[in-house]
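Dear colleague,

Please find below the sequence and structure that I am handing over to you. My notes on what was found follow directly after.

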Amino acid sequence: MKIFCGIDWAESHHDVALVDDTGELVAKRRITDDAAGYRLLLDLLAEHGDSPETPIPVAIETSHGLLVAVLRTGLRQVFAINPLAAARYRDRHGVSRKKSDPGDALVLANILRTDLPMHRPLPADSDQAQAVTVLARAQQDAVWNRQQLGNQIRSLLREYYPAAMEAFQSKAGGLARPDARAVLAAAPTPARAAKLSLAQLRAALKRAGRTRGIDAEAERLRDVFRAEHARHPEAVEDAFGHQLAALLKQFDAACQAGDDLAEAVEAAFREHPDAEIYLSFPGLGVQLAARVLAEVGDDRTRFADARGLKAYAGSAPITRASGKKSYVGRRMVKNNRLMHAGFLWAFSSLQASPGADAHYRRRREHGDWHAGAQRNLLNRLLGQLFHCLQNRKLFDERHAFTAPVASPTRAAA
């Protein structure tokens, strides 16, 4: 008799249901979200036949957390069921729209009993790959947080401090530059900036780590800050200055977090066996390659073929056909992090790979918009990545992008 397990996950407790292959409920229990509760769950599974040779598959509506980590020990398959899909399955058992936590656990168990081949278990990624995933996602979140705070500061400066915009916005890195943050912290208002001496400006630049061109930069900043600009009343300026100082503290922390996490990502990524393959692809640096690895993983059985990886990334188009109507469009359900990294990858590859650039231009000539041509190029790159990972080969420009066969008329011309 085969047993299936469903777990309705919550913050402080979890409801567990076990059903057999006929759909009969054989056990149910509520466990706490702690080590004692996890042990109780494992004992319950073992009591009903769970063993290293015959593990009981488990369905749950999340793919992360300590509970999932405990369940993934050994060869047990864990299926992360989308909550929207689980809600549709719930309607199969009744039309009254009733809902309960034990009932949801039972629904999840029955999903595996009836449609297990239709769902994909969590990938069996190595510990190294999972570590890269945690770090790469954290670094990406830090970059997004840094950009959001930078936009808030930029919007605030436009309100009352045009001299700061003129001083730093045109520089590479903009307001995220250490010297820009140091000078703004020393002079959060136009009035205080205009009073800064060359010595104070040089000191601020040195605190930011600048070692070259300090005198020339200090003179440039002094001239910008002392030029004529529109001003708010002094009391209003001071209020804006307090707001800027508060945002700068968050901005400094976000910038430092992004830099620290980038170092950790690089160290973890370079230790992974697949790092050399990823870095052989045009347009992939360490940080971007780590993001792609974080979402693709290193479980070679995760995708049956390259089409599965392309669909997961969202680069493969999707067809909707009904009656006489047929529509081919971009895929909306996808791994958004992988798609974001993929667009950056495709864009960077245009400069690093002649074949990628030629492929992109052919798609534009074919009538694709920029985003569509980039998506098509990413689709091509992901297919090549799948091939290289499966066969443990490095990227080869000569085989990756073959020249198109010329038509007879063009050849004659």
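Arg270 is partly exposed, because its relative accessible area of 49% falls between the limits of 20% for buried and 50% for exposed. Please bear in mind that this is a predicted model. The residue belongs to helix H11. Apart from neighbours within four places in sequence, Arg270 is in contact with Ala275, Leu279 and Val286.

Helix H11 (residues 234-270) packs against helix H13 (residues 286-296) at an angle of about 65°, and their axes are 9 Å apart. The two helices are therefore roughly perpendicular to each other, since angles of 65 to 115 degrees are placed in that class. The crossing of H11 with H13 is left-handed. On the H11 side the contact is made by Ala262, Val265, Glu266, Phe269 and Arg270, and on the H13 side by Val286, Gln287, Ala289, Ala290 and Leu293. Sorted by class, this contact has seven nonpolar residues, one polar residue and two charged residues.

A second pair is formed by helix H14 (residues 306-313) and H17, whose axes come within 9 Å and cross at roughly 135°. That angle makes H14 oblique to H17. The crossing in this pair is right-handed. H14 contributes Ala306, Leu309, Lys310 and Ala313 to the contact, while H17 contributes Asn379, Leu382, Gly383 and Phe386. By class there are five nonpolar, two polar and one charged residues in the contact of H14 with H17.

The contact of H7 with H9 has six nonpolar and two charged residues, with no polar residue.

Turning to an annotated region, the unreviewed UniProt entry carries the annotation "domain: Transposase IS116/IS110/IS902 C-terminal" for residues 278-360. In the model, this span is 54% helix and 12% strand, and its end C-alpha atoms lie 21 Å apart.

Gly355 is found in helix H16 (residues 354-366). Is Gly355 buried or exposed? With a relative accessible area of 11%, Gly355 is buried, because buried means under 20%. Beyond its neighbours within four places in sequence, Gly355 is in contact with Glu397 and Phe401. The C-alpha atoms of Gly355 and Pro282 are separated by 10.0 Å, and these residues are 73 residues apart along the chain. Arg362 is also found in helix H16. Arg362 has a relative accessible area of 32% and is partly exposed. Its C-alpha atom is separated by 23 Å from that of Phe386, which is 24 residues away along the chain.

Arg392 deserves a note on its backbone. Although Arg392 is not a glycine, it has a positive phi of about 55°. Where does Arg392 lie? Arg392 is in the loop between helix H17 (370-391) and helix H18 (397-400). With a relative accessible area of 47%, Arg392 is partly exposed.

Finally, I draw your attention to Asp8, which has its place in strand E1 (residues 3-8). Asp8 counts as buried, at 5% relative accessibility. Which residues is Asp8 in contact with, leaving aside its neighbours within four places in sequence? These are His13, His14, Asp15, Glu61, Asp101, Asp104, Ala105 and Leu108. Asp8 and Ala105 are 97 residues apart along the chain, and their C-alpha atoms are separated by 4.7 Å.

With kind regards

Methods: Residues numbered from 1 in each chain as written. Predicted model: local features only at pLDDT ≥ 70, side-chain atom pairs only at ≥ 80, totals over all residues. Heavy atoms only, no water. UniProt positions renumbered as here; feature names shortened; annotations may be inferred. Helix = DSSP H or I, 4+ residues; strand = E, 2+ residues; numbered from the N terminus. Nonpolar A, V, L, I, M, F, W, Y, C, P; charged D, E, K, R; others polar. Buried < 20%, exposed > 50% of the residue type's maximum accessible area, 1.4 Å probe, protein only. Axes fitted to C-alpha atoms, helices over the stretch in contact; angles between N-to-C directions. Parallel < 35°, antiparallel > 145°, perpendicular 65-115°, else oblique. Left-handed = near helix turned anticlockwise from the far one by under 90°. Contact = heavy atoms within 4.5 Å.
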